[in-house]
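Hi,

Here is the model I promised to pass on.

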Amino acid sequence: MQGEAGIASRSSPLGKDTAYWGMVLLPAVFLATLYLVPVVSVMVRSVTEPTLGLDNYAVILENKAIRNVLGKTVYICAVTTALTLLFGYATAYAMCRMPEREQRLMFFLVILSFWISVLIRTFAWIAVLQPQGLLNDILIGIGIIDRPLRLVRNDLGVIIGMVHYMLPYAILPLFANMKTIDPTLVPAARALGASPRKAFMTVFLPLSLPGLAGASILVLIFSSGFYITPALLGGGKVVMIAEYISVQMSETLKWGLATSLATVLMLVVLALTIAMSRYMDIGDTGKKA
Amino acid sequence: MATEENRQKVEMSRVVAWMTTCFLVLPILIVIPVSFTPKRYLSMPEGEWSLRHYDVLVSGGWLSSIGDSLLVAICSALLALAMGTLFAVGHWRLNNGVTRNLRLLLLLPMIVPPIVHAVAFYQAWSILDLLDTYLGLILVHTMKALPFVVLSVTASLVNLDPRLEQASRSLGASARQTLFYVLLPQVRPGMLAGGIFAFITSWDEIIVAIFITSRAVYTLPKRIWDGLFDNVDPAIAALGTIMIIITAIGLLIKDWYEKAQKT
C-alpha cells in the first residue's frame with residue numbers, strides 16, 4: 001500500500017508536492033493577512049486622510065518643522081554610520097590578526113554587548129553621561145573641568161548611544177567577511193614589493209568592500225528608523241523621524257501625517273535593502289572575476 | 001623596516017579595537033555597581049552597599065511584568081518556530097520562483113522599521129479589537145520573529161542532500177513520516193538557534209509594545225521604558241545586572257555546546 005503510494009506520487013509530481021505547498025502557504029497566508037494588510041493600509045491611509053490625494057506629502061516637503069526633523073535624521077544617521085564603520089572596520093581588522101585566545105575574548109565581549117537589551121544599554125548611558133553622572137563626576141574629581149559637561153539631551157548623547165548600539169552590527173559582518181579573505185594575499189603583495197600601505201589599499205581594502213558596503217547599509221537601515229535611543233538620550237531636544245511619527249500618532253493624532261512619514265521611511269529602508277542585496281551581488285561577481 | 005611598519009599598523013588597529021571594545025562593554029558594566037546603591041536615585045554606592053533595589057524586583061510589579069514577558073515570548077517563539085520551520089523545509093523542497101518570492105515576504109518584518117510596525121498594528125489591531133491583549137502582542141511578536149527562524153532553519157538545510165528526502169519516500173515513508181523522522185532531526189540545530197532568537201526578539205521588543213499595549217498586558221521592556229521616563233529608577237540597574245549575568249552565562253553555554261558538538 002505504501003509502496004503503491006510512493007509509485008503513485010512519483011508519477012504525479014503535483015500530488016507529491018501538495019504537502020510541501022501546504023507547509024509554504026500556511027505561514028505565507030498568515031503573514032499576508034495579518035502583516036501585509038496592516039502595513040499596506042498605512043500607505044493607503046497616507047493618501048486618503050484627511051482627503052484623497054498627495055496633500056500629506058506636500059506638507060512633508062513644505063513644512064519647516066518636518067524638514068528640520070528629516071534633516072536632523074539624515075545628519076545623525078550619517079555621523080553614526082561613519083563613526084560606526086570607522087571603528088567597526090578597525091576592530092574587525094585587528095580581530096582577524098589577533099592570537100586566537102585574544103580574538104575569542106573580544107568576540108565574546110562584542111557579542112555580549114550585542115545581546116544586552118537596548119533599554120538597559122540606554123539606561124547605562126544615562127547613568128554615565130547625565131550631568132551628575134559618572135563621567136562628569138570623574139572629570140570634575142580629577143580636576144579637568146569644574147562644571148558638568150552637557151553630554152545628554154543633545155546630538156552628542158544621541159550619537160554616542162546610537163554608535164554604541166550599531167557597532168556590533170558593523171563588527172560582526174565585517175569580521176565574517178574579512179575572515180574569508182585569503183590571509184596570504186597581503187604578505188604576497190608585500191613580497192612582490194608593495195608597500196604596506198599599497199598592499200592594504202590595493203589588495204585588502206577592495207576585497208573587504210562588499211562587507212563594508214553591506215555593513216554600512218545595514219547600519220544606515222537601523223539608524224534611520226531608530227526610536228528608543230534618540231527618544232531617551234535626546235530628551236525631546238533631538239527629534240528624529242521615528243519619534244516625530246510617534247508624536248503625530250499618539251499626541252497630535254495627525255494620522256495622515258504619521259502614515260505618510262511612515263511610508264517615506266519604509267520606502268527609504270526598502271530602497272536601501274535592495275541596494276544592499278545588489279551591491280553584495282556585484283561584490284561577489286567582482287570577487288570571482 | 002617595512003615589516004616593522006606593518007606590525008605597527010596591526011598594533012594600532014589592535015589598540016583601536018580594544019578601545020572600541022571597552023567603549024562597548026564598560027558603560028554596560030556600570031549598571032552592576034549602580035544596582036547596589038543604597039540611595040533612591042541613580043548613583044554609585046560610596047562605601048555602603050545595599051540590596052534594596054533587588055528587593056523591589058521581587059515585591060513590586062516587576063514580577064508580573066516578567067510573567068507577561070515570559071508568556072508572550074514563549075507563545076510567540078513556539079508559533080514562529082512552527083511556521084518558520086514549515087516554511088523553510090517546504091521552500092527547500094520546492095525552491096521555485098513562487099516560494100522565493102514568498103520567502104521575501106516572510107523576511108519583510110525584519111527589514112521594515114519598528115515604528116512603521118507600531119503605526120500599522122495600532123491601526124489594524126484597533127479595528128480587530130486586539131489592542132492591549134495577549135493575543136494581539138503574541139501575533140505581532142510571532143511575525144517579527146518569523147524571519148529569524150526562517151533564516152536559521154534555511155541555513156541548516158543548505159548542506160542537506162535533497163536525495164535524502166527522495167530516498168525516504170521511495171523506501172515507503174509517507175510525507176509526514178519523512179518530515180518528522182528524516183528532515184526535522186536534520187534541522188534541529190537551526191530550529192534551536194531560531195527558537196532562541198525568536199524568544200529574545202519577543203522578550204526585548206519594546207516599540208510596538210509601547211503603542212499596542214497599556215495596562216492589561218504590561219511586559220518587562222514596557223515597564224523599563226516607563227521607568228526610564230518617570231524618574232530613572234535604580235531598580236532598572238538591578239534588573240540589568242541580572243540580565244547581563246544571564247546573557248553571559250547563556251553565551252558561555254553556547255560556546256561550550258559548540259565545542260562539545262565539534263569533538
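Before the numbers, one term: two residues count as being in contact if their C-beta atoms, placed from the backbone, lie within 7 Å. Keep in mind as well that this is a predicted model.

With that contact rule, 76% of the contacts in chain B with a separation of 6 or more come from residues 24 or more positions apart. For chain A, 75% of the contacts between residues at least 6 apart in sequence join residues at least 24 apart.

**The two chains**

Chain B has 13 helices and zero strands. Its radius of gyration is 23 Å, well over the 18 Å that the globule rule gives for 263 residues, so chain B is more spread out than a compact globule. The C-alpha trace of chain B spans about 75 × 70 × 35 Å along its principal axes, and 44% of its 263 residues count as buried.

Chain A also comes to 13 helices and zero strands. Its radius of gyration is 25 Å, whereas a compact globule of 289 residues would be near 19 Å. Along the principal axes, the C-alpha trace of chain A spans about 85 × 70 × 35 Å. Of its 289 residues, 40% count as buried.

**Where the chains meet**

How many residues are in contact between chain A and chain B? On the chain A side there are 71, and they touch 70 residues of chain B. Helix α2 of chain A (residues 13–46) gives the most to the chain A side, with 20 residues. By class, that side of chain A has 55 nonpolar, 13 polar and three charged residues.

The largest nonpolar core has 141 residues, and the ones that touch the most other members are A:Ile245, A:Ala262, B:Val116 and B:Val119. Helix α8 of chain A (residues 155–179) supplies the largest share of this core, 13 residues.

Leaving aside neighbours within four places in sequence, B:Val119 is in contact with A:Val42, A:Ile245, A:Met249, A:Ala258, A:Thr259 and A:Ala262.

A:Ile120 is another one to look at. It sits in helix α6 of chain A (residues 118–129). Is A:Ile120 buried or exposed? A:Ile120 counts as buried, because it has 22 C-beta neighbours inside 10 Å and the cut-off for buried is 20 or more. Not counting residues up to four places away in sequence, A:Ile120 touches B:Val31, B:Gly240 and B:Met243. If you want a distance to check your viewer against, A:Ile120 and A:Phe175 are 26 Å apart, C-alpha to C-alpha, and 55 residues apart in sequence.

**A helix pair in chain B**

Two packed helices are described by the angle between their axes and the distance between the axes. In chain B, the axes of helix α3 (residues 52–59) and helix α13 (residues 235–262) come within 8 Å and cross at roughly 85 degrees. That makes α3(B) roughly perpendicular to α13(B), because angles of 65 to 115 degrees fall in that class. From α3(B), the contact is made by B:His53, B:Tyr54, B:Val56 and B:Leu57, and from α13(B) by B:Ala235, B:Ala237, B:Ala238 and B:Leu239. By class, this contact has seven nonpolar, one polar and no charged residues.

**Backbone details**

A few backbone spots are worth a look too. In chain A, the peptide bond from A:Glu49 to A:Pro50 is cis, with omega near -5 degrees. A:Pro50 is found in the loop between α2 and α3 (55–62) of chain A.

In chain B, B:Asp129 has a positive phi of about 60 degrees although it is not a glycine. B:Asp129 lies in the loop between α6 (114–128) and α7 (134–157) of chain B, and it is exposed, with 9 other C-beta atoms within 10 Å. B:Asp132 lies in the loop between α6 and α7 of chain B, and its phi is near 60 degrees, again a positive value in a residue other than glycine. B:Asp132 has 15 C-beta neighbours inside 10 Å, so it counts as partly exposed.

Cheers

Conventions
Residues numbered from 1 in each chain as written. Chains lettered and ligands numbered in written order. Predicted model: local features only at pLDDT ≥ 70, side-chain atom pairs only at ≥ 80, totals over all residues. Axes fitted to C-alpha atoms, helices over the stretch in contact; angles between N-to-C directions. Helix = DSSP H or I, 4+ residues; strand = E, 2+ residues; numbered from the N terminus. Parallel < 35°, antiparallel > 145°, perpendicular 65-115°, else oblique. Nonpolar A, V, L, I, M, F, W, Y, C, P; charged D, E, K, R; others polar. Rg over C-alpha atoms; globule rule 2.2 N^0.38 Å. Buried ≥ 20, exposed ≤ 12 C-beta atoms within 10 Å, placed from the backbone. Core = buried A, V, L, I, M, F, W, Y, C linked by C-beta atoms within 7 Å.
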